[in-house]
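Hi,

Here is the structure I promised to pass on. My notes follow below it; have a look at the model first and then read on.

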Amino acid sequence: MAAQTSTPVSQRRLRVGIAMALTLLVILAGRLVFIQGVDAAGNAEKAMNQRLRPVELAPERGSILDTEGRVLAESVQRYDLVVDQRLVKDYTVWNNEKGGFDDVELDDALAELSEVLNIEVSELRALMVGDRPYRVVTRNVTPAVKNDAMAIKIPGLISQQVSERTYPNGAIAGSILGFLGSEGEPLEGLELSQNEHLTGTAGERLFEISADGVRIPNASFSETPAVNGQDLQLTIDQDVQWFAQEAIAAKADEYNAEWAAMTVLEAKTGDIVAMADSTTVDPAQPNETDSKFWRPLSVTQAFEPGSTGKIPTFAMALEEGSVTPEQGWTVPNSEEFSGQIINDSMKHSTYDMTTAGIFARSYNTGTVQVALTQDKETRHEYLERFGIGSAIGIGLPYAASGTLADWEDWDGRQQFTTTFGQGYSQTVLHTAQMTQAIANGGVMNSPRLIKALLDEDGTEHEVEPEEGTRVISEETAAEMLKLMEGVVDHGTAQPAQIAGYRVGGKTGTGQAAGVGGYDGHTTSFTMVAPLDDPEYIVTVSVYRPQGNWRDWKVTDTASQVMSYVLNKYNVPPNDAESESYDAFTEDPQKRAW
């Protein structure tokens with residue numbers, strides 16, 4: 001009886017099972033039809049996308065070159081060696097001589113690689129053997145080391161091209177170039193400010209991997225090439241930069257100064273030929289240098305200039321027609337103006353002097369007399385015309401603007417001290433730019449540091465200089481050059497004379513502000529040569545020199561660098577006669593200081 005009832009149940013179960021199987025087959029068949037017929041391309045693309053892995057192709061960072069195309073900074077080819085540990089094992093290599101494969105034991109191969117990479121075998125084994133799909137073995141090896149390592153042919157060991165930044169000339173122009181961090185990030189100088197141009201655009205390589213994550217050796221791949229960064233060509237001359245750095249470092253050492261800085265400009269263009277500091281960072285080892293010197297001092301350090309600041313005062317008075325170069329003045333050692341006592345640095349007799357003589361001997365009392373031929377607003381306007389109070393953009397970060405209070409905010413004393421370079425601040429580059437305006441017939445050009453951008457194919461994109469601004473007339477500029485010649489002929493800068501050339505300049509010693517008041521000095525000199533056809537400007541400042549201020553002299557350093565520049569660029573001497581004016585209204589012209 002039990003056997004009769006079990007048969008129908010078994011049959012029902014069988015029929016249900018068959019029905020379910022047929023249903024699943026229909027579903028699978030329908031799905032297969034959809035995949036292969038209706039959306040074959042779409043599903044194939046999805047499958048391919050799952051197998052594709054992208055690898056970024058790093059662009060090569062652009063080089064930084066001097067004005068003649070010599071390399072100041074460049075990226076050299078280096079390689080990281082990495083390994084897929086899952087593939088590392090004993091292997092075979094083809095032997096051409098015997099026409100067959102040789103067996104290679106992994107231990108032997110690791111011993112050979114150890115010698116190539118100079119890594120202990122035990123350490124190398126720990127790096128190479130395991131189950132990790134990606135492990136760095138060593139970084140930044142040379143192409144020769146990479147080739148030797150890859151010639152061993154250990155399975156899973158691959159090389160990845162990377163870039164290492166090098167500075168072939170060490171600290172030459174180091175603060176201008178800047179440097180990169182340990183991960184290649186730009187931190188200072190042109191490396192930072194021009195990073196967008198130097199970096200380039202990354203490319204990409206796509207390759208297929210198998211289900212276990214290993215690259216399929218013979219599978220096709222696609223590649224979008226990287227676009228390398230642009231090269232940066234500067235106006236800097238590597239040779240002049242080196243010479244200027246050596247000279248300014250020696251001057252800072254001579255006076256045990258906190259720092260010293262120098263610039264060399266082309267007179268007609270404002271192009272920066274050199275910008276040197278007493279201490280210069282080596283971009284390859286920046287942490288060995290005080291961070292103050294990571295940036296060009298001529299750009300970042302503002303100070304009260306002292307008597308080099310008399311240039312705008314005398315240019316203003318001549319331009320406005322309120323004085324003439326040979327006009328007479330009575331100049332005492334000390335004089336009261338509106339309740340303020342103005343003194344000259346050294347006691348001297350009361351002299352009957354020319355305007356040119358006041359400038360040549362740099363007397364403050366006479367300078368205030370000349371300045372008071374114009375009102376405060378006009379005096380302030382001319383300081384602004386010469387760039388005081390505005391940052392100078394040359395493509396470097398952290399440019400200091402200095403300080404210049406509005407004329408309405410000048411106090412009772414500041415209205416007078418601003419006429420001789422106290423009560424406001426500026427950088428060495430401001431002083432050089434101001435001198436360039438005088439040397440260039442009254443047209444002030446913004447200093448230029450970056451000359452051109454160069455594409456990988458050699459296409460040059462010149463960085464056009466900004467249009468110059470006329471700050472004084474050509475006639476006034478010519479008269480100012482004669483006044484500056486008097487400074488070198490018979491004034492405060494006689495050590496700056498260069499045989500065979502007419503040379504002009506202006507000295508300055510200003511008080512340096514500290515906590516609670518003035519507690520030091522800055523001594524400076526800016527010069528131009530040759531005066532009959534100005535070619536170059538050299539400007540020097542030494543901050544907080546030690547010793548007696550009467551002993552400080554920077555004219556010799558400026559003259560040394562100017563002589564080098566004139567010789568290097570083959571500027572011929574002509575032994576032309578001086579056109580400077582007399583210092584005193586009556587002879588004798590040689591008198592006690």
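First, a term: by contact I mean heavy atoms within 4.5 Å. Bear in mind that this is a predicted model, where local features need pLDDT of at least 70, side-chain atom pairs count only at pLDDT 80 or more, and totals for chains, interfaces and linings use all residues. Residues are numbered from 1 along each chain as its sequence is written, and side-chain values use heavy atoms, with hydrogens and water left out.

Now the helices. Helices (H or I, at least four residues) and strands (E, at least two) are DSSP runs, numbered from the N terminus. The expected span of a helix is 1.5 Å times one less than its number of residues. α17 (residues 474–490) has 17 residues and reaches 25 Å from first C-alpha to last, close to the expected 24 Å. Its buried residues include M480, L481, L483 and M484, and among the elements covering the buried residues of α17 are α11 (310–319), α12 (355–361) and α16 (428–439).

What about α9 (residues 238–254)? Its 17 residues should span 24 Å at 1.5 Å a residue, and the end C-alpha atoms are 25 Å apart, which agrees. D237 caps the N-terminal end of α9, with a side-chain oxygen 2.8 Å from the backbone nitrogen of D239. Just after α9, N256 takes a positive phi of about 50°.

L81 sits in strand β3 and counts as buried because its relative accessibility is 0%. Beyond residues up to four places away in sequence, L81 touches several others, including L117, V137 and A149.

Last, a hairpin: β14 and β15 have two residues between them, and S338 in the turn has a positive phi of about 50°. Strands β14 (residues 334–337) and β15 (residues 340–343) pair in the antiparallel sense over four bridges; strands pair if DSSP finds at least two bridges between them.

Cheers

Conventions: Polar contact = N/O pair within 3.5 Å; in protein donor to acceptor, adjacent residues only side chain to side chain. Buried < 20%, exposed > 50% of the residue type's maximum accessible area, 1.4 Å probe, protein only.
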